[in-house]
Amino acid sequence: FEAVKHSMPEMTKKQIKDKANEIRREEGAVRHLQRLEKIANISKGNKDVDTSKKYAVIYADPAWRYDFSKDSSDEIENHYPTMSVDEICALPVGDMALNDCVLYMWATAPKLLEAIKVIEAWGFTYKTHAVWDKQKIGMGFWFRGQHELLTVSTRGSIPAPKPENRYSSVFSYPRGKHSVKPEEFYEVIESAFPLVPKVELFARNTRSGWDAWGNQSNEK
């Protein structure tokens with residue numbers, strides 16, 4: 001503002017203020033464009049959900065959109081493009097599921113009710129959940145978050161894991177990169193359902209024995 005004022009001394013106070021606002025708008029437009037370009041870059045691997053194959057295990061980490069903080073929402077969007085609850089519900093996940101199927105789906109504590117809505121929209125019934133202790137305290141309003149929930153829901157009459165493959169409901173693994181879940185959870189699911197077809201939705205990478213859908217599933 002002072003730089004504008006000194007460089008244009010003949011301008012009125014209103015003209016100086018208008019010019020400063022114009023510069024701010026231009027800078028904001030540049031930042032907005034840069035953010036859109038980054039999101040587009042992240043999204044290059046996106047592809048439609050393939051409903052031609054059916055699965056007995058579906059593992060999903062939805063790209064939840066948060067409305068409580070613009071700064072936090074912008075930070076998340078810089079890692080991956082998010083979706084509204086209605087957009088997530090509209091995905092044809094039910095069409096990918098065999099009549100007997102189990103859905104493992106991640107949800108953060110603030111998104112628990114939305115997660116139940118998604119589970120039901122996809123044609124599943126909520127059964128239980130496990131807790132992932134990230135071993136590191138994050139942000140939060142009521143509590144500073146240190147955990148996420150892995151919900152378990154079923155459709156049809158898929159059997160529960162054998163007793164020897166029933167783990168504690170609390171897992172403690174260190175948090176890694178933004179939103180990336182520990183590899184150990186794949187192993188938990190594989191031990192429970194070793195022979196059936198599996199797919200991961202919103203996948204960050206590919207894994208042997210699994211099909212994958214997601215905006216970064218082509219990455220190694």
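Thr154 counts as buried because its relative accessibility is 16%, where buried denotes under 20% relative accessible area, exposed over 50% and partly exposed in between (1.4 Å probe, protein chains only). The structure is a predicted model, in which local features need pLDDT of at least 70, side-chain atom pairs count only at pLDDT 80 or more, and totals for chains, interfaces and linings use all residues. Residues are numbered from 1 along each chain as its sequence is written, and side-chain values use heavy atoms, with hydrogens and water left out.

Thr154 lies in strand β4. Beyond its neighbours within four places in sequence, Thr154 is in contact (heavy atoms within 4.5 Å) with Cys101, Val102, Phe124, Thr125 and Lys127.

The protein chain contains 6 helices and 7 strands, taken as DSSP runs numbered from the N terminus (helices H or I, at least four residues; strands E, at least two). Their order along the sequence is α-α-β-α-α-β-α-β-β-β-α-β-β. Of its 220 residues, 39% count as buried. Among contacts between residues at least 6 apart in sequence, 68% join residues at least 24 apart.

Strand β4 (147–155) also gives two or more residues to the lining of the second largest pocket, as do β2 (97–107), β3 (125–133) and α6 (184–192). By class, this lining comprises 16 nonpolar, 6 polar and 2 charged residues, with Ala, Val, Leu, Ile, Met, Phe, Trp, Tyr, Cys and Pro counted as nonpolar, Asp, Glu, Lys and Arg as charged, and the others, Gly among them, as polar.
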